[in-house]
Amino acid sequence: TAHGIQVHIDSPQLNLDWRGAVGFTDRNHNTAREVLTPFHPLRIASNTKTFVAAAILRLWEQQHLLLDNSVSEYLCDDHCRLIKEKGYALNEISIRHLLTHTSGLFDYADGPVFADAIAANFQRHWTRTEQLQLAMRGEPYGKPGEVCRYSDTGYILLGEIIEHIYGESLGKALRQLLDYERLGLTNTWLEKMETPPADLLPRVHQYDGELDSYAVDASFDIYGGGGLVSTVEDVSRFMRALFTGDVYKSPRTLEEML
């Protein structure tokens, strides 16, 4: 049962810009202090992938990468070795394959192994390499381009590619490549990698069964597959900017993304 719902609706054609919320920030408390508003931030989880994909397309637009080139050109040697040792044809996996979930890379979060590892130590600090090592314990979904299968592994590699090319942490790279300031994304940040904005309301408690997100170290999901904290208003503003072409310099870039 949901303990709260936040909504932001932005429809210029209807002259409508509306936000609202019901419920509480924490299902275990229902006092006036914990009443949920549309301005409370939350972990937006895999919605982060759209930001990451958009940043990759910004780098493509700036001619820093080619979407159909092998990812081996942009990943560190250790990660290339890990993937090759598993038997993947790394040279055939392109950035486009990662973006479109057609790389065949096993999703480290697919199945109980990752969840059990988190449950064993909620405050464990995860690295991207450790998550990639978990992914290599599973079997490939198929050859590159052969099958479409959702893979967080592909997006943590995209996060690495952004950091490698841009020369900054993923949080800072997303902020600068997507120009949060120009878009008005004042309440969005990458957890653990960036300092939260000042004077922001407390982050909403989110649950997986009985597990409260506050109990889990954010590093389990901050390397490209997730990690952003935001508000429904900021996410709405970003999505509108993205799909109306305001994130990119050229209309061709949005066409390529779509």
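**Salt bridges and their surroundings**

I began with Glu85, which counts as exposed at 56% relative accessibility, and I kept in mind that I was reading a predicted model. Glu85 has a salt-bridge partner in Arg81, with 3.5 Å between the closest N and O atoms. I looked up the accessibility of Arg81 as well and found this residue partly exposed, at a relative accessible area of 39%. Both residues belong to helix H2 (residues 77-85), and because they are four residues apart there, about one helical turn separates them.

Next I turned to Arg203 and Glu191, whose side chains meet in a salt bridge at 3.7 Å, N to O. Arg203 and Glu191 both lie in the loop between strand S4 (189-190) and strand S5 (207-208), so this pair ties together parts that are 12 residues apart in sequence. Are these two partners buried or exposed? I noted Arg203 as buried at 14% relative accessibility, and Glu191 as buried too, with a relative accessible area of 13%.

I then asked which residues are joined by salt bridges that share partners, and I found Asp17, Arg19, Glu233, Asp234 and Arg237 in one network. Within it I checked the bridge between the side chains of Asp17 and Arg19, which has an N to O distance of 3.2 Å. Asp17 is partly exposed at 48% relative accessibility, and Arg19 is also partly exposed, with a relative accessible area of 26%.

Last, I wrote down the total for the model, which comes to 25 salt bridges.

Definitions and conventions
Residues numbered from 1 in each chain as written. Predicted model: local features only at pLDDT ≥ 70, side-chain atom pairs only at ≥ 80, totals over all residues. Heavy atoms only, no water. Salt bridge = Lys/Arg side-chain N within 4 Å of Asp/Glu carboxyl O. Buried < 20%, exposed > 50% of the residue type's maximum accessible area, 1.4 Å probe, protein only. Helix = DSSP H or I, 4+ residues; strand = E, 2+ residues; numbered from the N terminus.
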